[in-house]
Amino acid sequence: MAETVHNLLLGFSVALSPPVLLYAFVGCVVGTIVGVLPGVGPLAGISLLLPATFGLDATKAIVMLAGIYYGAMYGGSTTSILMRIPGEAASVMTCIDGYAMARKGRAGPALAIAAVGSYVAGTVSVVALMFLAPPLASFALRFGPPEYFALLVLGLLVLAYMSSGSMVKALAMATLGLLLGMIGIDQMTGYFRFAYGVVELGDGIGVVPVAVGLFGLSEILATAGQETPPAVIKPTLRELLPSRQEWKDSNWPIWRGTVLGFLIGIIPGSAHIISSFVSYAVERRLSRRPEEFGQGAVAGVAGPESANNSATSGAFVPMLALGVPSGPIPAVMLAAMMVHGVSPGPLLIKQQPELFWGFIASMYVGNVVLLILNLPLVGVFVNLLRVPYPLLYPGILVFCILGVYAVNSSVVDVWIMLVMGLVGYLLRKLEFEPAPIVLGVILAPMIEMALRQSLAMSDGHYAIFLTRPIATTLLAVGVFLVLLSFRPLVARGLDWRARMAMAEKGEEL
Amino acid sequence: MLTTNRVAAVALALLAIVVLFESRKLPLGSLHNPGPAYMPVLLALALLGLAILVAAWGGAGSGLRAVGWSEWRHAAAILGTCAFAAIALERLGYRLTMAISLGFLIGVVERKGVILTLVFAVAVAAGSYFLFDTLLRVPLPRGPFGI
């Protein structure tokens, strides 16, 4: 405990230094803008702005990128409440009751509750991250190649299980991502694989052009041609204060959302989306007046908003402690850290304590910045949505091209983004979820290395995965999830994944 | 029935077959010393299996005719603009390429007025260059006459 407090003080000495504070602030502002703009989610936002951090040292860069991540989580709620347009996917559940509150003239309290809930969840979950990451990292030092292989396979299986809709389709997408990750020089033998003479492909396909293509460009392709967004409900500062009853009704949902969100965040998958869905379902189940849900229940805003912000910190636990991203957004964060010469994993906390604890402390600071920023400036951010879409999307496209090109100063990356944009657009039409592709691309080199090292260790016997307790346990959990996914075939009614898919499509639950 | 799932399954299966075919050029290795083709072959076989499963359960997916393509003209224009940017970026330089791309999208595709198009295209191209290249020191390509 004393050591943790000492380390945290070290972290605050880094986070409160004026330059780091400035970049945390910039990250939060940019993240909020990213969250407010429909179509530019945190994944595309972080990818696009990665080149902007190239001139910075690792600590400032990571603090700024993390600011963009949780800023986007905060900002996503604004458009959900005021326009029924989720700024990013995790805010889908907030649309239901947030917009209903806005139509009843309670837009201000809905925004205030969302911001306070996000602040509480963000702060509490950072405390949990602080205590959980170091022991987990110590435990991970026991991992050899078979354990890492089992962990990575489990990660992909959990992601596939947690995604809304078909697990088979999600696994197919993850496999496609892994195959894309095979392109480039083989790390163990030096062979060029599937590069067809393109020298730039030697280092493999970068996660940034893949993410920007699949999420940024494909969104523009799918939505270009639409009319100007609908009118915005714009509350004044005076209308922001919730009533005593609203505070009371949102108290427990905030705490429950915080705990649920953090726990779900640690598990691989689109954690922030799932956590908000689960929180909404829990609040409706526990409510004394469940009929109010969908009609403007404040608990339907407080719970999901707290949960998705808490999940943001939870997702950092496996990334920082194990070096294993739990979803596409931590995967891009991991890639960003690697660009800055930081290798997240069990040794990070020991080797670069200033960076780790500075990052933790900056999350506390970021949460305060976001609370101050979001409420008084809500009108300013909402005005962004008044820019006509025919002018907005060409501007976003410029940043897509710029962001992708600037990572390696390579036009090959722009071509990759173009191809991935087209693939993402077609996948959207065919109702396939592209997120597992991104995770597959980043995990491919790790998973291949772990498998080949494991087989070399065991002289070619796959039984090595069944003779080591940790690896066996992890794989057993994976098999259990696969079996669990068959449940809807034998049980009546919709399972929670089908209900989540319906909610994402905006259909009635 | 031709469903979205079945169309996707065929595409994934074809991709898996292409990967298997192309992997012939690489050494497969052995179980105790897997070669560079080992993992791609394993993944391609897995993808083929998953594609068969998607096709088998594909009847539950939406019909292909239900998919809307109303925005295809815009999508084609945007993809064309991206292709132009990829070709021109290192030849014409960042500012000129982006100004032309924006001018095309706003003026031609979205049919906005000439003045608005010019002002927006030049402002965004020059502004983003100033922000990234000058302020943030991210090197962006220059074209003829250092533009």
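Helices H9(A) and H17(A) are roughly antiparallel to each other, a class that covers angles over 145 degrees on a scale running from 0 to 180 degrees between N-to-C directions. In this predicted model, the two helices pack at an angle of about 170°, with their axes 10 Å apart; such axes are lines fitted to C-alpha atoms, for helices over the stretch in contact. Two residues are in contact if their C-beta atoms, placed from the backbone, lie within 7 Å. The residues that make the contact of these helices are tabulated below.

| Helix | Residues in the contact |
|---|---|
| H9(A) | A:Val208, A:Pro209, A:Val212, A:Gly216, A:Leu217, A:Ile220 |
| H17(A) | A:Tyr393, A:Ile396, A:Leu397, A:Cys400, A:Gly403, A:Val404, A:Val407 |

By class, eleven of these residues are nonpolar, two are polar and none is charged. Here Ala, Val, Leu, Ile, Met, Phe, Trp, Tyr, Cys and Pro count as nonpolar, Asp, Glu, Lys and Arg as charged, and the others, Gly among them, as polar.

Both helices also belong to the side of chain A that touches chain B, together with H8 (167–180), H18 (411–429) and H19 (435–457) of chain A, each giving two or more residues. In total, 51 residues of chain A are in contact with 54 residues of chain B. H17(A) supplies the largest share of the chain A side, ten residues. That side holds 36 nonpolar, seven polar and eight charged residues.

Chain A has 23 helices and two strands, taken as DSSP runs numbered from the N terminus (helices: H or I, at least four residues; strands: E, at least two). Of its 509 residues, 62% are buried, meaning that 20 or more other C-beta atoms lie within 10 Å of the residue's own.

The largest nonpolar core has 222 residues; such a core is a set of buried Ala, Val, Leu, Ile, Met, Phe, Trp, Tyr and Cys residues joined through C-beta atoms within 7 Å. Among those with the most contacts inside this core are A:Ile46 and A:Val210. Its largest share, 19 residues, comes from helix H6 (residues 107–140) of chain A. Domain 1 (4–66) and domain 2 (72–146) of chain B both give residues to this core, so it lies between them. The bounds come from an automatic or database domain assignment, and the C-alpha centres of the two domains lie 38 Å apart.

Residues are numbered from 1 along each chain as its sequence is written, and chains are lettered from A and ligands numbered from 1 in the order in which they are written. Local features need pLDDT of at least 70 and side-chain atom pairs count only at pLDDT 80 or more, whereas totals for chains, interfaces and linings use all residues.

Methods
A residue is buried if 20 or more other C-beta atoms lie within 10 Å of its own, exposed if 12 or fewer, and partly exposed in between; C-beta atoms are placed from the backbone. Angles under 35 degrees count as roughly parallel, over 145 as roughly antiparallel, 65 to 115 as roughly perpendicular and the rest as oblique.
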